[in-house]
Amino acid sequence: MSTTPATLSGLAPKAINWSIALSVLLIIAGIFAICIPGVSGLAVTLFFGWAMIVSGITHFIFAFKTHTTGGRIWEVIIGAVYLFTGFILLMHPLDSLLVLTLVLACYLFFEAIVEFINYFQLRPRHGVGWLLVDGIITLILAVMIWRSWPVSSVWVIGTLVGISMMFSGFSRLMLSLAAKRVLNRVA
C-alpha cells in the first residue's frame, strides 16, 4: 500500500464536489428555516445561548492566562456575564426569542440611521443613492418588526436566518460551479 502525498489536481475536484454538496444542504436548510420560522428562531436562540456559554468559559480561561490583576478581574467579570446570559437564553428560550427580536429591530433602526448619515456625507459621489435605498428598506423592516412585536418574534429571526442561509447556499453553489467549470477547462 503506497502512501503518496495528495496533489492539488487530486484534491480540487473532491473539494469542489464537497462544496457543491454543502451548498445544496445549506439551501435546503434555509428553505426549512423559512417554512418553520418559529422552530428555526428557537434554534437560533439556543445556538446563541450555547455560544455565550462557550465564550464565558473562554474568558475564564483567558483570566488565568492574563498576567495583570485588572485584566484578570475584567476577564472574570466578562466571563460571568457571558455565562449568565447564555444560561438565561437556554433556560427561557421563548422569552429570549422575544428579546432577540426586539434587539434586532433596534439594531436595524440604528443601522438605517447610519446609512442615512453615510448617504448625506457621501452624497455628491456616484452610486450613493443605493445607501439611501438601503437605509429606507432597513428602516421599514425595523418599523415592521417593532410595530408587530411580540407577535413578529414567531417568524422574524427564523425567516431572516433562513433567507440568509439560502442566499449563502446559492452564492457558494454558484462559486463552486464556476470553479468546477474552470477546473474542467484546465484538465
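Biologist: Leaving aside its neighbours within four places in sequence, which residues is isoleucine 157 in contact with?

Modeller: This is a predicted model. In it, isoleucine 157 touches Gly41, Val44, Leu97, Leu100, Thr101 and Leu104, once neighbours within four places in sequence are set aside.

Biologist: Which residues make up the largest nonpolar core?

Modeller: The general idea comes first. In soluble globular proteins, nonpolar side chains tend to be buried together. Here the largest nonpolar core has nine residues: Val44, Leu97, Leu104, Ala105, Leu108, Ala142, Ile145, Val156 and Ile157. Helices α4, α5 (129-147) and α6 (156-186) each supply at least two of its residues. The most come from α4, which gives four.

Biologist: At what angle do helix α2 and helix α4 pack?

Modeller: Two packed helices are described by the angle between their axes and the distance between the axes. For α2 (residues 37-65) and α4 (residues 93-122), the angle is about 95° and the axes lie 9 Å apart. Angles of 65 to 115 degrees count as roughly perpendicular, so α2 and α4 are roughly perpendicular to each other.

Biologist: Which residues of α2 and α4 meet?

Modeller: From α2 come Gly41, Leu42, Thr45, Leu46 and Phe48. From α4 come Pro93, Leu94, Ser96, Leu97 and Leu100. Seven residues of this contact are nonpolar, three are polar and none is charged.

Biologist: How many disulfides does a search of the whole structure find?

Modeller: A disulfide is a covalent bond between the sulfur atoms of two cysteines. The search of the whole structure finds zero.

Biologist: Is cysteine 35 buried or exposed?

Modeller: Cysteine 35 is exposed, because its relative accessibility is 56% and the cut-off for exposed is over 50%. Cysteine 106 is partly exposed, at 39%.

Definitions and conventions:
Residues are numbered from 1 along each chain as its sequence is written. This is a predicted model: local features need pLDDT of at least 70, side-chain atom pairs count only at pLDDT 80 or more; totals for chains, interfaces and linings use all residues. Side-chain values use heavy atoms; hydrogens and water are left out. A disulfide is a pair of cysteine sulfur atoms within 2.5 Å. Buried means under 20% relative accessible area, exposed over 50%, partly exposed in between (1.4 Å probe, protein chains only). Axes are lines fitted to C-alpha atoms, for helices over the stretch in contact, and angles run from 0 to 180 degrees between N-to-C directions. Angles under 35 degrees count as roughly parallel, over 145 as roughly antiparallel, 65 to 115 as roughly perpendicular and the rest as oblique. Contact means heavy atoms within 4.5 Å. Ala, Val, Leu, Ile, Met, Phe, Trp, Tyr, Cys and Pro count as nonpolar, Asp, Glu, Lys and Arg as charged, and the others, Gly among them, as polar. A nonpolar core is a set of buried Ala, Val, Leu, Ile, Met, Phe, Trp, Tyr and Cys residues joined through side-chain atoms within 4.5 Å.
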